[in-house]
Amino acid sequence: MIIRLKPTVFLPFKAFLAASLLSISSIAQEIGNYEPEQAWDGNPDINGVWQAMGTAHWDLQDHEASAGLPEMGAIGAVPPGQGVVVGGEIPYQDWAIEQKQANWDSRPTGDPETKCYLPGVPRATYLPYPFQILQGTDKMMIVYGFAEANRTIHMNVENPEPAPLDTWMGRSHGHWEGNTLVVDARGFTGEAWFDRAGNFASSSLIVTERYTPISADALLYEATIEDPTVFTRPWQIRMPLYRRLEPNARVIEYKCVEFSEEILYGHLMKREESED
Amino acid sequence: MKCRSIKVSSTKLIAKLIAAIVIAFPFALNAATPNHIQIALSSTNEAVGWYEEYLDCERVVGRNDAVVCGETNIEFFVGRTVGGSQGSAIDHIGFSVPDLDAKMAELESVGVRGSGVRLIRFDDGALVRDIPGLFKIAFITDPWGTKIELVQDEAVIGFHHIHLNSVDPVAALDWYNQVLGGERASLKGMLDGVRFGDIWLLATQFNDGRPGITQGRTIDHIGFQVAELDDAAAEMNQLNVDFRQDPMVPERGRSDAKQAFILGPDGVMIAVVEPGWEGIEEEAFSADNSDSEELYIVPRTPWGEPDFQGIWTADAAHGIPLQRGVGAGEAGELTPEEAAARRERGTLNSIWGYDREWRDTTLGYVRTAPSTQAAMIIDPPNGQLPETTEAYKQLVANAPPRIPPQRARTPVDLGTYVRCITRGPVGMMMPSIYNNGLQIIQSPGNIAIQKEMIHETRIISTESREGYGDGLKTWLGDSHGRWEGDTLVVEVRNLNGRTSYLGSSADMKLTQRFTRTGPDTLRYEFTVEDPAVWTEPWSGMFNFIRDDSQYELVEYACHEGNYGMTNTLSAARTIDAREAEEADYQE
């Protein structure tokens with residue numbers, strides 16, 4: 001009887017391991033024998049302008065269509081979508097389930113995206129805008145359009161020092177494992193959300209991202225989310241990223257500050273009095 | 001943690017100053033004495049003054065390029081550097097003072113006066129750390145990038161130690177002991193080293209790959225003095241020491257001293273010197289590394305484009321006025337002292353109410369010496385903005401008065417900089433009182449320029465491509481780049497015209513030119529063509545200075561932390577309410 005308790009306790013973790021093994025093997029099948037183009041250093045060339053498709057920016061999990069702001073009509077409504085969370089479940093601790101609900105309730109003004117705040121990781125990846133990867137000689141940079149977010153990925157640093165301070169976009173260290181770019185991102189403020197549904201993490205968040213070319217025009221993006229403050233175990237999201245094929249595809253600066261000022265400062269503004 | 005790759009590009013460079021530390025000792029064979037240390041900088045005289053003022057060294061009589069600190073000479077020469085000492089095989093040098101707390105308080109108060117002192121804080125913010133069983137320690141860098149440890153070791157006051165980085169500290173110390181003598185010992189039983197008289201040679205395990213070779217860094221080499229160089233060289237040859245220069249009397253040396261160069265563990269360049277008769281010193285000592293007239297060869301990326309990658313700052317350019325003062329000489333440059341004073345004035349007055357706690361220059365974060373450039377404008381040649389057009393003068397005359405912050409109705413009244421939107425396509429490149437970093441990362445055909453202030457990133461494509469159509473305009477526009485030789489030329493198109501630089505209109509045409517003119521110098525030139533405002537085009541320039549060794553851009557989450565906006569608007573509404581109350585009272 002006593003012995004049986006232990007497997008029960010560890011079941012979620014084992015289940016996670018099984019799920020991750022499963023996903024790795026299916027990825028291997030997906031990648032098949034694809035050999036990506038090489039950059040100057042022999043690693044895969046993932047330079048270019050990329051974008052996620054889908055509705056992960058609305059909600060990482062399966063979601064039905066639902067109402068948005070009435071004055072926006074159908075444009076403001078939430079479209080239905082399939083989730084990107086491996087296994088479907090986000091393993092929140094009990095308190096965090098309540099917090100997620102509170103985030104959902106407050107989302108018209110509480111979502112950092114509404115306020116034009118830096119989106120954090122992994123959210124920046126699947127916002128519905130293109131981003132550009134630049135593979136430099138000892139660093140990489142990812143430039144996102146929204147709020148002009150930006151990440152420097154410090155490559156091949158052994159024993160990296162902890163982030164000197166917490167930031168919205170965190171501190172990223174990367175290296176190549178075969179054809180996969182593995183990026184460790186941590187040092188976050190904990191104020192960013194994952195999506196418009198209020199999924200969230202804390203400042204103890206560690207995101208391990210894997211970018212793997214699966215064709216000339218697609219990357220498989222996987223991010224493992226660890227945050228012992230908020231979740232009961234690590235979990236993972238997976239989605240493809242697609243190359244923007246337009247010959248003139250560009251990341252366009254999206255300076256969204258001015259569109260957030262009404263929400264942030266409206267109560268402090270002086271309205272011009274009407275003449276009538 | 002540094003992840004820079006050192007790209008040494010042969011010996012051509014613009015003059016900087018290098019110092020060599022020569023530590024002089026009486027010599028017994030196989031017991032060399034530290035003779036000198038050499039450091040790179042931009043003015044030997046300025047460096048002599050700095051080491052005299054802050055580290056109690058004394059100018060070597062008759063010389064403007066060397067100080068003696070106790071028994072140790074520090075020699076400076078104008079040469080090129082590829083970075084500060086930290087992370088190179090000679091990480092830093094140490095000085096001992098009787099009262100470290102008082103010393104650091106003194107240095108903290110220096111700020112930007114003169115050449116400035118850069119303080120390095122521990123991770124808890126403190127300047128001084130007391131190591132139990134050892135002594136108190138603190139770190140600073142000199143204005144040219146040499147890291148200096150200050151300790152409070154009563155046993156020795158003055159020049160105290162040379163601290164090496166090594167992949168194998170034990171082997172390195174054994175090598176110095178075997179080749180150059182000294183005494184293998186332990187400092188307070190805590191730090192292994194080799195003791196040369198009062199001076200310690202210490203070594204720390206280096207875990208970040210290999211430390212950088214010293215040659216070309218600000219501590220270029222160290223020197224040890226021997227009585228008979230030929231004998232010492234013979235012994236060293238038996239130990240298979242790597243000679244980089246056989247014993248010789250340098251041509252045009254200040255004396256007939258004989259010297260050789262050997263390479264120590266981890267790439268430490270070491271001079272071995274036999275003192276000579278110094279009667280010929282008036283033959284102006286010209287540093288043999290200062291071949292500054294030679295052409296600089298711009299390094300290339302692995303895919304063959306000029307390589308601008310790295311971290312640069314506009315700190316040196318802070319304080320350069322856009323226009324030359326009327327009556328100032330044609331090409332007049334400032335002296336270093338005038339430039340330092342100008343930068344301090346500039347940082348004092350740039351933003352109302354920003355006390356010294358806000359300013360990178362006064363906080364000692366700034367490593368670069370202030371630019372001596374008289375003004376940014378290089379065309380027209382008189383350094384003045386061209387005449388404005390009649391239409392523009394009319395526009396200004398009829399413009400509504402500017403609304404002061406305490407009257408701001410909405411964020412729009414406060415301007416796009418205060419709103420954390422942008423300083424505009426011209427302004428974004430300009431120096432600021434803090435967060436002056438600029439990072440460049442390249443991929444084939446693309447250059448990302450990230451400005452720390454506000455956080456703005458432009459991706460400049462150098463491939464010929466279709467630009468934005470007429471219907472798409474943005475704050476910073478569409479950057480079309482091309483290479484003209486080693487110069488990146490950027491034409492900025494499709495600007496939304498919602499920001500103005502000194503009156504520039506929505507039809508302004510902006511062209512920027514970036515040229516790497518030295519390992520540490522990125523020349524930035526900008527040309528504004530705006531016939532609606534100015535009767536002729538005008539151009540300005542300043543240099544960004546490379547600061548890979550210690551500067552890292554922080555995330556400037558400007559809008560996210562814009563408490564100033566809330567506070568300003570809230571104060572304006574309070575003023576409104578008070579005035580309304582007073583008006584009611586008067587009625």
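This is a predicted model: local features need pLDDT of at least 70, side-chain atom pairs count only at pLDDT 80 or more; totals for chains, interfaces and linings use all residues.
Residues are numbered from 1 along each chain as its sequence is written, while chains are lettered from A and ligands numbered from 1 in the order in which they are written. Local features need pLDDT of at least 70, and side-chain atom pairs count only at pLDDT 80 or more, but totals for chains, interfaces and linings use all residues.

**View 1. Chain B has 10 helices and 28 strands.** Both are DSSP runs numbered from the N terminus: helices (H or I) have at least four residues, strands (E) at least two. Of its 587 residues, 48% count as buried. Buried means 20 or more other C-beta atoms within 10 Å of the residue's own, with C-beta atoms placed from the backbone.

**View 2. Chain A meets chain B.** Here 41 residues of chain A contact 44 residues of chain B. A contact is two C-beta atoms, placed from the backbone, within 7 Å. On the chain A side, H5(A) gives the most, with four residues.

**View 3. Ala448(B) sits in the largest nonpolar core.** A nonpolar core is a set of buried Ala, Val, Leu, Ile, Met, Phe, Trp, Tyr and Cys residues joined through C-beta atoms within 7 Å. This one has 103 residues. Ile142(A), Val143(A) and Ala448(B) touch the most other members. E3(A) supplies the largest share, five residues. Not counting residues up to four places away in sequence, Ala448(B) touches Leu134(A), Met141(A) and Val143(A), among others.

**View 4. A second core is separate.** It has 63 residues, including Tyr54(B), Phe159(B), Val179(B) and Ile262(B).

Methods
A residue is buried if 20 or more other C-beta atoms lie within 10 Å of its own, exposed if 12 or fewer, and partly exposed in between; C-beta atoms are placed from the backbone.
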